[in-house]
Amino acid sequence: MTVTTETKDGVLVVTINNPPVNALGGAVRSGIDAALDMIDQDQSINAAILIGAGRFFSGGADIKEFGKAMTEPFLPDLLSRLEGARVPFIAAIGGAALGGGLETALSCRYRIATPAASMGLPEVKLGLIPGAGGTQRLPRLVGVKPAAEMITSGKPVNAEKAKAIGLVDAIVEGDLLEAAIALAMQKAAGDDRQPVSAIEKPADWDEAWLESFEKTIRTRARGQLSPVKAFEAVAGSGRLSFADGVKREREIFLECMASDQRKGLIHSFFAERAARKNPGLEGATPRDVKIIGVLGAGTMGSGIAIACAASGYHVKLFDVNEDALASGGARIEKSFKRDVEKGRLSDDAARAATDRVVLINSMDALSDADLVIEAVIERMDIKKSVFADLDRITKPGAVLASNTSYLDIDDIASATTRPEDVIGMHFFSPANLMRLLEIVKTDKASTDALATAAAVGARLGKVSVLSGLCPGFIGNRILKKYRQQADYLAEDGATPWDIDRVMRDFGFAMGPFQISDLAGIDIAWHNRRREDATRDPKERYPAIADQLYDLGRLGQKTGAGWYLYKQGDRTAYPDPEVEKIIIAESARLGIARRAVSDDEIRDRILFSMINEGAKVLEEGIAARALDIDLVFLHGYGFPAWRGGPMFYADAIGVDKVLEGVRRFEKTDSFAWRPADLLVKLVEEGGTFADYN
Ligand code: NAI
């Protein structure tokens with residue numbers, strides 16, 4: 001039984017018991033409906049309690065039902081029946097009440113919660129809006145300002161905040177059910193509180209505020225529709241009657257349900273779940289990891305150390321350079337201090353995390369490390385010598401991982417006598433914040449070494465993706481194609497600011513040239529120098545960036561790169577000097593500059609990614625198309641509502657992608673050789689989703 005009932009002294013206790021999250025699937029809805037029948041039939045019941053078994057009040061709708069025909073009773077109807085019940089209902093919230101779960105609680109007359117409870121309407125994150133009265137009841141109960149913030153952001157509030165805004169009537173320190181029964185018995189004697197829907201309009205209604213908040217939401221949403229739509233529904237709570245507001249909410253909900261954005265976000269959601277199960281690692285037992293050694297205390301090493309210490313690992317951090325080690329240590333301390341200032345960590349927790357990092361001045365101290373993550377400078381000779389040392393120093397069974405971006409990890413492993421323990425763990429900068437972790441499978445890597453990295457990644461809260469070995473792995477290999485097209489487009493006639501604008505309009509937070517300026521133009525320059533020896537002469541060489549490098553325009557850090565920057569200001573200003581450099585470079589290359597349309601910019605950049613993604617998939621570098629999506633969603637700012645590049649390809653049609661690739665191939669056959677897999681999919685009527 002997913003809903004159980006029990007009567008105690010005239011109080012009906014209705015318990016939702018549908019693990020793991022008490023989702024409001026068809027059986028639960030019917031169960032609550034049956035409880036309402038009982039109340040109608042049994043006049044000895046004077047009050048009722050709705051409570052969740054386990055850690056959730058209710059996590060909301062059952063997403064597995066999305067896109068399928070729902071069974072009756074539908075949630076909106078059930079909730080209006082609940083709200084109009086003959087006896088007062090008390091929602092006893094002992095954990096998370098999310099989405100439909102919170103809408104259910106809003107339809108009860110009273111709400112009490114434990115201190116650990118959290119409440120929110122996260123529908124916008126899945127491309128939806130609350131669809132069972134949430135956009136009408138929440139503003140009426142707590143005011144339109146806090147409600148609009150909660151509903152358009154999807155962020156939950158904790159019990160304390162919920163009490164402050166009037167979402168819950170009381171916080172219960174002791175036994176929740178006992179407190180609920182006590183309150184129910186009190187209300188059973190006589191209750192004069194009106195249902196939330198009877199409140200005429202939110203008490204803090206303020207049209208001027210709404211107008212300015214709408215602008216904020218449009219900017220924040222960056223092309224995502226659901227927050228804007230959610231706002232529209234919330235605005236109905238003061239402009240329309242409850243009945244009309246609910247009707248409008250329903251229309252918007254159905255519109256969102258049918259949208260491509262909702263499908264993209266659901267794909268992103270399920271892909272993230274699938275990341276916990278990496279194909280090929282099923283059944284492998286991760287090795288026990290307590291102590292992690294980190295080599296190199298630079299940008300990446302210190303970020304990795306922060307991530308590991310924050311998740312409870314003991315970290316030993318080493319750098320050959322004493323100053324680098326000291327400043328790495330200082331960076332770690334500062335980061336945990338900032339967490340305290342921002343209220344993310346308690347003082348004690350921050351001190352404990354800082355204390356878990358020990359700076360060591362000899363690699364010999366790594367003899368008890370269970371895992372070592374190497375993040376020293378990107379040079380093969382140095383990496384090899386470091387791994388030879390690790391081979392000598394570390395205990396048998398220790399996993400030895402490199403954070404290299406491009407180097408051949410098989411070659412690095414050859415410096416040891418235990419290549420089966422050597423793998424890649426490729427973090428993204430800043431390593432303590434970016435969620436992506438590429439786990440790189442070397443030729444001889446054992447599955448339990450890889451599974452160990454996946455287990456550590458899970459504890460760090462990362463999205464781990466398994467990648468085969470190739471230059472750049474999944475992410476940087478595909479990114480290179482994207483980046484090249486951006487440079488070629490500039491040579492062909494577009495400006496960097498046009499290209500960035502098109503990619504921002506697509507939904508990226510930043511365009512490729514803004515990213516270059518942020519990362520530093522020198523980084524890519526060094527990459528190009530490393531590739532000089534092996535670059536195919538047929539490859540079109542993007543030359544403008546070299547000019548900028550020669551001029552010392554290295555990006556934000558030098559005040560100028562592709563853009564110009566003013567002191568103390570990160571705003572990127574288009575620079576006529578750069579336009580002159582680009583025009584001169586096009587002329588030098590013999591390219592007649594032409595008008596490049598926004599569609600061409602978007603298609604060349606995205607199709608180059610998809611085509612390379614198809615090659616990554618057919619070569620087995622990525623096991624699933626969704627792994628490529630995950631890499632771009634979590635490591636490169638691909639808009640979640642687009643679902644990732646491979647999902648996007650399916651959404652617009654792989655035939656359309658191939659047609660574009662063939663069209664572009666006519667002008668650059670080297671860059672645009674169609675992937676065999678893409679051709680096969682079009683011939684056979686398949687999709688990338690077939691490879692999930
Ligand atoms: P960094 O230059 O900030 O730090 C490298 C550190 O390694 C320096 O402090 C240096 O003193 C130290 N070091 C040099 N030789 C050493 C040795 N033999 N033993 C111990 N420490 C030594 O470099 P960054 O950016 O942190 O990169 C480190 C590695 O991470 C590179 O392999 C890089 O390709 C990779 N990586 C970098 C990313 C980034 O965005 N910066 C992203 C992902 C990977």
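1. Helices and strands are named here as DSSP runs, numbered from the N terminus, where a helix (H or I) has at least four residues and a strand (E) at least two. On that convention, Asp9 is placed in the loop between β1 (3-8) and β2. The model is predicted, and the points below should be read with that in mind.

2. Is Asp9 buried or exposed? With a relative accessibility of 66%, Asp9 counts as exposed, the cut-off for that class being over 50%.

3. Asn22 is another non-glycine residue with a positive phi, in this case near 55°, and its place is the loop between β2 and α1. The relative accessible area of Asn22 is 1%, and the residue is therefore classed as buried, given that the class takes in values under 20%.

4. A polar backbone atom of Met300 is 2.8 Å from a ligand oxygen, and an N or O atom in the side chain of Lys383 is 2.6 Å from an oxygen atom of the ligand. Asn403 contributes a polar side-chain atom that lies 3.0 Å from a ligand oxygen. The ligand on its own has 830 Å² of accessible area, and the protein covers 77% of it.

5. Across the whole structure, 14 aromatic pairs are found. One of them joins Tyr482 and Phe508, whose ring centres are 5.9 Å apart and whose planes meet at 75°, so that the pair is edge-to-face; the angle lies over the 60 degrees needed for that class. This pair links distant parts of the chain, as Tyr482 is in helix α18 (residues 473-492) and Phe508 is in the loop between α19 (496-506) and α20 (512-519), 26 residues apart. Tyr482 is counted as buried because its relative accessibility is 4%, and Phe508, with a relative accessible area of 2%, is likewise buried.

6. How is the ring of Phe508 placed against that of Phe638? The centres of the two rings are 5.3 Å apart and the planes stand at 75°, so this pair is edge-to-face. Here, too, distant parts of the chain are linked: Phe508 is in the loop between α19 and α20, while Phe638 is in the loop between α25 (625-635) and α26 (645-652), 130 residues apart. Both Phe508 and Phe638 are buried. Together with Tyr482, Phe506 and Tyr648, the residues Phe508 and Phe638 form one aromatic cluster.

7. Charged groups are also found over aromatic rings. The charged end of Arg483 is positioned over the ring of Phe513, at 4.6 Å from the ring centre, and Lys566 lies over the face of Tyr573, 4.1 Å from the centre of that ring.

8. A last point concerns Arg218, which belongs to helix α8 (residues 207-221) and is partly exposed, its relative accessible area being 49%. Arg218 and Lys229 are eleven residues apart in sequence, and their C-alpha atoms are 9.9 Å apart in space.

Terms used
Residues numbered from 1 in each chain as written. Predicted model: local features only at pLDDT ≥ 70, side-chain atom pairs only at ≥ 80, totals over all residues. Heavy atoms only, no water. Polar contact = N/O pair within 3.5 Å; in protein donor to acceptor, adjacent residues only side chain to side chain. Areas by Shrake-Rupley, 256 points an atom, 1.4 Å probe, with all protein chains shown as cover. Phe/Tyr/Trp six-rings, centres within 6.5 Å; stacked < 30°, edge-to-face > 60°. Buried < 20%, exposed > 50% of the residue type's maximum accessible area, 1.4 Å probe, protein only. Lys NZ or Arg CZ within 6 Å of the ring centre and 35° of its normal.
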